[in-house]
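Please consult the sequence and coordinates shown here before reading the points below.

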Amino acid sequence: MDSSGKLLRERLPAALIQKLEAFRDDVRRIKLRETVLHSANLILGAFLICFVVDRVLDLPGWLRGGMLVLVPAGIAWLFWRYLSKTVFSTGEWTGLARLIESKFPGPGDRLLGVLEIGSDDSEWSRSRTLSQAAISQVSAELRVTDFDRALPRPRFQLLCSLCFGGAFFILLLAFLIPQPVANTALRWAAPWMDVDRYTFAQPRALEPVLHVARGEDYRIRLPLYESSPWKPSTASISLDGRDRRKVPLGDAMEYVIEVPGHSDSRNLEIRVGDWTSTLSVSPQERSSIRSAKAAVKLPSYLQIPEPLQRDVRSGTLSVVEGSTASVQLEIDRELTGVEASEFNAGIDGPLINVDLGTPQESIEGRLTWTDSFGLEGISTFSLRVNVVEDALPGIVISDLPRTRVILEDDAISFGVQVSDDFGIREVGMEWAGEGDPEQSSRPSTGEKLFASANPDQPSMQLTGTFSAVDLGIDPQPLKVRFFVRDYNPASDRVWSQEYLFYVLNEDQHWQWMTRQLSRWQQDALLVKSREEQLLRINQELRDMDAGALDDPEVRQKIRTQASAEKANGVQLARLSRSGVELIQEAARNSQFSPGTLENWAGILNVIQDISGNRMPSVEELLKQASNQPSSSGPMQNSASTGADSDNRVAQSGDSSPGQTKDPGDEASQSDKNSDEKTGPVIGQNRRGSGGPGGPQDDEGEDGETPAPKIPSIVDNESSLQPEDPNAVDENQEQDPQTASGGAAPAFGLPSTTLEDFGGAQPQSSPIEQKMEEAVTEQENLLAEFEKVSDELNRILADLEGSTFVKRLKAASRAQMQMAGILAAQVDESFGMSAQRLPRSVRTVLEELKVQDKNNLTTLDEIHQDMKAYYQRKQFTKFRNVLDDMEELDPFTGLDIKSEVMADEVGWCLSMSEYWGDTFDRWAEDLVDPASGGT
């Protein structure tokens, strides 16, 4: 003990010294226990870390040795820390005082002061009485101070819990899994020994080197021992530490590892649970097939003597029943062995010969071989031999729609293409009709051969024809199929898709054409309605002032109108083309009068002109209006007029700007220019200026032949009023080509005009002029359209009226035909009840009963259509016929007749004749209904 310590023991009270020494012993005891517990936890923790790491990694010996050295080093550091932080620091009284001061700042600070006074001789000798008084006062104060509260907070409970918990966990592990615990203890305690790491997963060992095919995926099977304590559901693999992936455990307790192919040697790492292994993979090339050929000898009935050569590298060979075949494979390397399933195979150097014989059914087998390197081929060659029947021929019909309306005396043609693998035997057509109740025609069935061929002709192209009259087919719907057959005696006909022919007589065709024309008229009226809507919008736009027309939104609306006009014109052009097709279809029927067809053709000409010239003209004018420059002020019109005048002067001849032209020459040149633009002018022109057009050049300035000019008819009267020099000649100002937007003007009736000398009128803006021209052109084409609509209504009225005549005539013929059939049955059925009638008679009467029901339905349709027609047209003759129908009530009469057909054959005969005559009379009453109106 140093001199200061001795002085303090002499000068301080003994009670204080004892209390301080007791406090120091308590501090050292607490810290010593903590150091011991820390050391124990370090040992247990190090062991647990080694145990856990051993479950994941196979630690090398040097690392395990390093961990073994770190444990005592850590314990030594803990004890050194205990000595330096606790023992040495509390060896002096001042250290204890500072520790007390941390908890009791006031007493601790005074204790430090007393210790300083007691250990300093100068202070003690200078005022000994005061020093003793201070020491006594501090001792009295410290006597009642509890130093235990200043002790370091002990962590015995936590450290003991960790220590005992770790020890208990290790003992529990040793009890439950003694082998891995003992293995870890041995590997940790003796790192210099080569002790294998214990693993819970225990797969079988693999060879360290594995030979595989270069660049190909390969498979490794890793079985797991049944006694393995741990059977992980997946295994982890990686090549050279990259692309790690999982492999599941299979039902056979093995991991099937699929590895992507590679061309260089690599290390394959496999991890199963806590077990790991590394393999060296050495890729090698495999042998492959150079060629695979088959020779097929066909059966004799096909009459092909030479064997057919087939390439079978795809692994599939199809042979016709009764064929003999063999296969030869050539490998790019010498072979040492071959294995074949389902086939007889042998090797000859690099060749594999397979004899298939005459297979009776489809077979499939595989060929594997081993090359000189001990590897199997690049792949197993699978060979499937399909024994097939002789292929059925194929048939294709061209230029024939699925549904076709045909007049009974028409002849239609179409293309027929047939093909087979070997030869064609016959090509033909088959039809089956449904009959026509209105015409009392029975269903027609039959077939027609187009051509025959020979066994060595595998394909044919034919032109087939169909004519109902030539084939003896009555008007009725027909289901038509085409067929082809080859030379295989066991094969049947091959059929095409089904076609539907509506064979009509001229009356039925008339009715059908009337319905088609009515639909066409409805579509045309829809186009007309759209055009009227467009006109109303264009008129609203025209009535706007120039400022409003310059608005961008209005300009866009004009462009939209131009697009809508174009779309409506396209729709009308489509209707025009379909109308031409309808005329062509109607021309096949002789019942359509030439006058009707000519009127119809005239209507189509007008519609074609409207859709091809008038509507595009309106569209172009609207486009020009939307693209006109905006008006900048009130002086623009006059300036524009002056500019146009200057341009006209500049273009009137070859004179220079300063040269004065003779007025007569200028008028002649103006007439010539007008004639060149508008074409020849005929009629009366009594104005002072103008005259007949001069001679026209055959070619334009560029040597091109100009477009033909449409002549115009004029009737211009002279005037005695003085001429206004500022007035503009409208014939010179307005060019028909320009006014219509470039479209050809329509040739119409002349109109009488007078010269206007009232002075120049205020000119509108360019966009207003174009809108005015567009509206005028649109009004004109709608006027033409209205005339067309009236003419089309007249034609439809005539056709519809004639349709009712023909339908009633057809109903009359049906009743008269039924009367003829009943008359033939009277002899066998007279005086007999329905039960006693012969079977043949009962069959005929049942058919007539069904036919009468159909006739009743047809008559009801005629009646309803006629009532609707009368409501639209109000023709008197239709009213008379309808009143007669209401009075005679043929519906009840036909219904009763069909019900008593089997019991009253004679009465039904007379009623059939009566109704046949009545229907014929009604038809005669409706002749020429259009001219016989009210």
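A salt bridge is counted when a side-chain nitrogen of Lys or Arg lies within 4 Å of a carboxyl oxygen of Asp or Glu. The model is predicted, so local features are reported at pLDDT of at least 70 and side-chain atom pairs at pLDDT 80 or more, while totals for chains, interfaces and linings use all residues. Residues are numbered from 1 along each chain as its sequence is written, and side-chain values use heavy atoms, leaving out hydrogens and water. Two further terms apply throughout:

- Relative accessible area under 20% is called buried, over 50% exposed, and in between partly exposed (1.4 Å probe, protein chains only).
- Helices (H or I, at least four residues) and strands (E, at least two) are DSSP runs, numbered from the N terminus.

**Salt bridges**

- In general, side chains of opposite charge can pair when their charged atoms come close.
- The whole structure contains 25 salt bridges.
- One of them joins arginine 286 to glutamate 216, with an N to O distance of 2.8 Å. This pair links distant parts of the chain, 70 residues apart: arginine 286 sits in the loop between strand 7 (275–284) and strand 8 (289–297), and glutamate 216 in the loop between strand 1 (209–213) and strand 2 (218–223).
- Arginine 286 is partly exposed at 24% relative accessible area, whereas glutamate 216 is buried at 18%.
- Arginine 313 and aspartate 311 form another salt bridge, their closest N and O atoms being 2.9 Å apart. Arginine 313 is exposed, at 57% relative accessibility, and aspartate 311 is partly exposed, at 46%.
- Glutamate 773 pairs with lysine 770, the closest N and O atoms being 4.0 Å apart. These two residues are three apart in helix 18 (residues 766–829), which means that about one helical turn separates them.
- Glutamate 773 is buried at 17% relative accessibility, and lysine 770 is buried at 13%.
- Elsewhere, salt bridges with shared partners connect Arg244, Glu269 and Arg271 in one network.

**Helix 8**

- Leu159, Cys163, Gly166, Ile170 and Leu173 are the buried residues of helix 8. They lie on the same side of helix 8 because they cover an arc of only 100 degrees around the axis, taken from the directions from the helix axis to the C-beta atoms.
- Exposed residues on the other side of helix 8 are Gln157, Phe164, Phe168, Leu171, Phe175 and Leu176.
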